[in-house]
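Please examine the architecture of the structure displayed here.

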Amino acid sequence: MTQVPRPNSAAARDVRSQLHPYTNPLALEADGPVIVTRGDGVWVEDEAGERYIEGLAGLWCTALGFSAEERLARAAYDQMRALSFYHPFGQKAHVPGIDLAEKLLAMAPVPMSKVLFSTSGSEANDTAIKLIRFYNNALGRPEKKKIISRIKGYHGVTLATASLTGLPNNHRDFDLPLPGILHTTCPHHYHGAVEGESPEAFATRCAEDLDALIEAEGPETVAAFFAEPVMGAGGVLVPPPTYFEKIQAVLKKHDVLLVADEVICGFGRTGNVWGSQTFGLQPDLLTCAKQLSSGYMPVSALMLSEAVYQPIRDNAGRIGILGHGYTYGGHPVACAVANEVLTIYEERELFAHAATVGPHMQARLRTLADHPLVDEVRGVGLIAGVEIARDKAKRQPFEPAQGVGAALGRHLHRRGVITRVIGDTIAFSPPLIITDEEVDAMVERVALALDDTLAWCR
Ligand code: PLP
C-alpha cells in the first residue's frame with residue numbers, strides 16, 4: 001500500500017475524490033489505494049512497479065488476462081468508426097448485437113429462445129426478476145411473485161438483486177432485503193452438515209428445506225429460484241453431489257422457474273462452457289456477464305426459454321410495448337468486442353485449456369490442506385476456495401474481531417498475489433489463460449503468505 005501519499009499524488013487525489021465500492025473508507029484514508037497501472041498475461045503491475053499474479057481475474061472476469069489484445073482494441077475501434085452507438089429500442093437493431101445474440105443462443109446449455117442485453121450482472125438479474133413478474137401477470141397469476149435464493153448467494157447490488165444476494169453486508173443498513181425475496185439453506189456441506197451426514201443426505205435436506213419454504217409460503221406465491229452453479233462471492237461454495245437434481249425436482253413440483261446465474265461460472269470457469277453443464281442445471285432463464293467480454297467491455301445477457309418468452313411476448317403485444325431497457329444495454333461496441341472475445345475463446349480452445357489446467361490448480365491447492373491454518377480446500381475447474389480456521393479439528397473459525405482474514409489478505413498482497421479473502425476463505429478464479437507453471441508460482445506464494453499469517457497469529 002502507498003505510504004503517506006504526497007498531496008498531488010494519484011493516491012492522495014483518489015482518497016479525496018472517490019467513494020470506493022467494497023472498501024473500508026477508513027482503511028483507504030489511512031493506507032491509500034493500490035494503483036494498478038498495467039498488466040500482461042495473468043500479471044498486473046502497480047504504480048511502484050510491483051508485480052502481482054491476478055488470482056481472481058480482476059473481478060472473476062478477465063479470462064484472457066491483462067495483455068492488450070490488438071484484435072479486441074481493433075474490434076472496438078472499427079465498431080466506433082462504423083457506428084459508435086445504436087440500440088435495440090423501438091424496433092431498431094444493429095449487427096454486432098444480432099451476431100452476439102445468435103452466438104449465445106447457439107452456445108446455451110439448454111434450448112433458449114431470446115437474448116436481452118444489459119451492461120452488468122446486476123442488471124441482467126434485475127431484468128430477470130422484472131420479466132418473471134411480467135410473465136406471471138401475463139399468465140393471470142398475479143400472486144406468484146416471490147423469489148427464493150440461497151444464504152451466501154451473490155446476484156448483484158441493485159435494490160432487488162442485493163435482496164437476492166444472501167450476504168449480511170449487502171443488506172445491513174440498506175434496509176434490505178425487499179419484501180417477497182426469501183433465502184433458503186446454503187448448500188455448503190463442510191459447515192452445513194450435521195455430524196455423520198453424507199454430502200448426498202445433506203443435498204436431500206437442502207431440497208427438503210426448499211420444499212418446506214415453498215409449502216409454508218404457498219406454492220401459488222413462489223415464482224422463481226435463483227442459483228449460481230458454484231457460489232462465488234459467498235466464498236466459493238461447490239454444491240454437494242445430487243443437489244441440483246433434487247432442487248430441480250422440488251421446483252418442478254411447484255411450477256417454480258429456475259434462473260441460473262452464470263455471471264461467474266459462464267464461459268469455461270468450471271471446466272465446461274457453463275456451470276449448468278457441470279452441475280446438471282436446466283434453467284428457464286440464464287444470466288451471464290464478466291467473461292462474456294473477458295472484462296474488456298461492460299456487457300451482460302439474459303437468455304429466456306421459449307416457454308418463458310411466449311407469455312411475455314403476448315402480454316407486451318397486448319400492452320403495445322415491453323416497457324424495459326437500458327440505454328447502453330447491448331451497446332454495439334461492447335457487442336463487437338464480445339463477439340471477438342468469443343471467437344478468440346474458440347480459436348485458442350480456451351475452454352479446453354481451462355479444463356486441463358483446472359485439475360492441476362485444484363491438486364496444487366489441495367497440497368495446502370496440510371498447512372496448520374487451512375481447514376478446507378474446495379473448488380472445481382478454475383475456481384477454488386481455501387478456507388482457514390482457528391482450530392481445524394473442531395472446524396472452529398477465527399473471531400472476526402481478530403482480523404485474521406484481513407491479515408492474510410495483506411500477506412498475500414506482499415507475496416505478490418492479488419485475490420480476495422472472503423471471511424476466512426481465499427478465493428481463486430485466475431484468468432483462463434493461466435499455465436500450470438503460473439499456477440505453481442501462485443500456490444507457492446500462497447503457501448508463504450499462509451506461513452506469514454501463522455507467524456502473525458502467534
Ligand atoms: N451474479 C454473480 C454470480 C456475480 O458474481 C456478480 C458479481 O460479482 C453479479 C451477479 C453482479 O454482477 P455486476 O457486479 O456486474 O453487477
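The sections below describe a predicted model.

## The seven-stranded sheet

An open sheet is built from seven strands in the order E4-E10-E9-E8-E7-E5-E6, with mixed pairing. From one strand to the next, the twist averages 20°.

Within this sheet, strand E5 (residues 146–150) pairs with strand E7 (residues 222–227) in the parallel sense, over three bridges. Isoleucine 148 has phenylalanine 225 of E7 as its bridge partner.

## Helices lying across the sheet

Helix H5 (residues 95–107) lies across E4 and strand E10 (300–304), and its direction is at about 125° to E4. Helix H9 (residues 199–217) lies across E5, E6 and E7, running at about 150° to E6.

## The four-stranded sheet

Another open sheet consists of four strands in the order E11-E12-E15-E14, and its pairing is antiparallel. Its edges are strand E11 (374–380) and strand E14 (420–422); because each has a single partner strand, one side of each is left without a neighbour in the sheet. The twist here averages 25° from one strand to the next.

E14 and strand E15 (residues 425–428) run antiparallel and are joined by three bridges. Valine 421 has isoleucine 426 of E15 as its bridge partner.

## Packing of H4 and H13

Two packed helices are described by the angle between their axes and the distance between the axes. For helix H4 (residues 70–82) and helix H13 (residues 332–347), the axes come within 8 Å and cross at roughly 150°. H4 is therefore roughly antiparallel to H13, and the crossing of H4 and H13 is right-handed.

On the H4 side, the contact is made by Arg71, Leu72, Ala75, Ala76, Gln79 and Met80. H13 contributes Pro332, Val333, Ala336, Val337, Glu340, Val341 and Ile344. The residues of this contact divide into ten nonpolar, one polar and two charged.

## The ligand shell

Which residues are the closest to the ligand? Of the 15 residues that surround the ligand, the closest are Ser120, Gly121, Ser122, Gly156 and Val263. Helix H6 (residues 121–138) supplies the largest share of the shell, three residues.

By class, the residues of the shell around the ligand comprise six nonpolar, seven polar and two charged.

Note on methods:
Residues numbered from 1 in each chain as written. Predicted model: local features only at pLDDT ≥ 70, side-chain atom pairs only at ≥ 80, totals over all residues. Axes fitted to C-alpha atoms, helices over the stretch in contact; angles between N-to-C directions. Helix = DSSP H or I, 4+ residues; strand = E, 2+ residues; numbered from the N terminus. Parallel < 35°, antiparallel > 145°, perpendicular 65-115°, else oblique. Left-handed = near helix turned anticlockwise from the far one by under 90°. Contact = placed C-beta atoms within 7 Å. Nonpolar A, V, L, I, M, F, W, Y, C, P; charged D, E, K, R; others polar. Near = placed C-beta within 6 Å. Pairing = 2+ DSSP bridges.
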